[in-house]
Amino acid sequence: MNKKEIINFTKNEIVKHKENVNYWGTEEDVNNETIICNYILNNNIVTQDWFDERLKSTSVEMLEDILTELNK
């Protein structure tokens, strides 16, 4: 996946979370968030410390923060 694709993928995940209250914690949700998190870590977009600072964030908040980082 390239950066543009991961941005769109992240946007789609945010929409799924906002539109379907039962989406959080599903196998698809967990797998897709893992893909996103691995991408931004492996491409040095953020650090593990960045994630640690967001431990109390909701999934949507974290994904929105990720999207902000991806768009920098």
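A salt bridge here is a side-chain nitrogen of Lys or Arg within 4 Å of a carboxyl oxygen of Asp or Glu. Lys-16 and Glu-28 meet that rule through their side chains, at 2.7 Å from N to O. By this rule the count comes to 6 salt bridges.

This is a predicted model, in which local features need pLDDT of at least 70, side-chain atom pairs count only at pLDDT 80 or more, and totals for chains, interfaces and linings use all residues. Residues are numbered from 1 along each chain as its sequence is written, and side-chain values use heavy atoms, with hydrogens and water left out.

**Salt bridges**

- Glu-13, Lys-16 and Glu-28 are linked in a network of salt bridges.
- Glu-13 and Lys-16 pair at 3.3 Å, N to O. They sit 3 residues apart in helix α1 (residues 3-19), so about one helical turn separates them. Helices are DSSP runs (H or I, at least four residues), numbered from the N terminus.
- Lys-16 also pairs with Glu-28. Lys-16 lies in helix α1 and Glu-28 in helix α2, so this pair ties together parts that are 12 residues apart in sequence.
- Arg-54 forms a salt bridge with Glu-53, with the closest N and O atoms 3.6 Å apart.

**Exposure of the charged partners**

- Buried means under 20% relative accessible area, exposed means over 50%, and partly exposed lies in between (1.4 Å probe, protein chains only).
- Glu-13 is buried, at 1% relative accessibility. Lys-16 is partly exposed at 30%, and Glu-28 is partly exposed at 40%.
- Arg-54 is buried at 18%, whereas Glu-53 is exposed at 63%.

**Helix α2 against helix α4**

- The axes of α2 (residues 27-42) and α4 (residues 59-70) come within 12 Å and cross at roughly 35°. Axes are lines fitted to C-alpha atoms, for helices over the stretch in contact, and angles run from 0 to 180 degrees between N-to-C directions.
- The crossing is left-handed: the near helix is turned anticlockwise from the far one by less than a right angle.
- Glu-33, Ile-36, Cys-37, Tyr-39 and Ile-40 of α2 meet Ser-59, Met-62, Leu-63, Ile-66 and Leu-70 of α4. Contact means heavy atoms within 4.5 Å.
- By class, this contact has 8 nonpolar, 1 polar and 1 charged residues. Ala, Val, Leu, Ile, Met, Phe, Trp, Tyr, Cys and Pro count as nonpolar, Asp, Glu, Lys and Arg as charged, and the others, Gly among them, as polar.

**Ser-59**

- Ser-59 is found in helix α4 and is buried, at 12% relative accessibility.
- Leaving aside neighbours within four places in sequence, Ser-59 is in contact with His-17, Trp-24 and Glu-33.

Key: Helix = DSSP H or I, 4+ residues; strand = E, 2+ residues; numbered from the N terminus.
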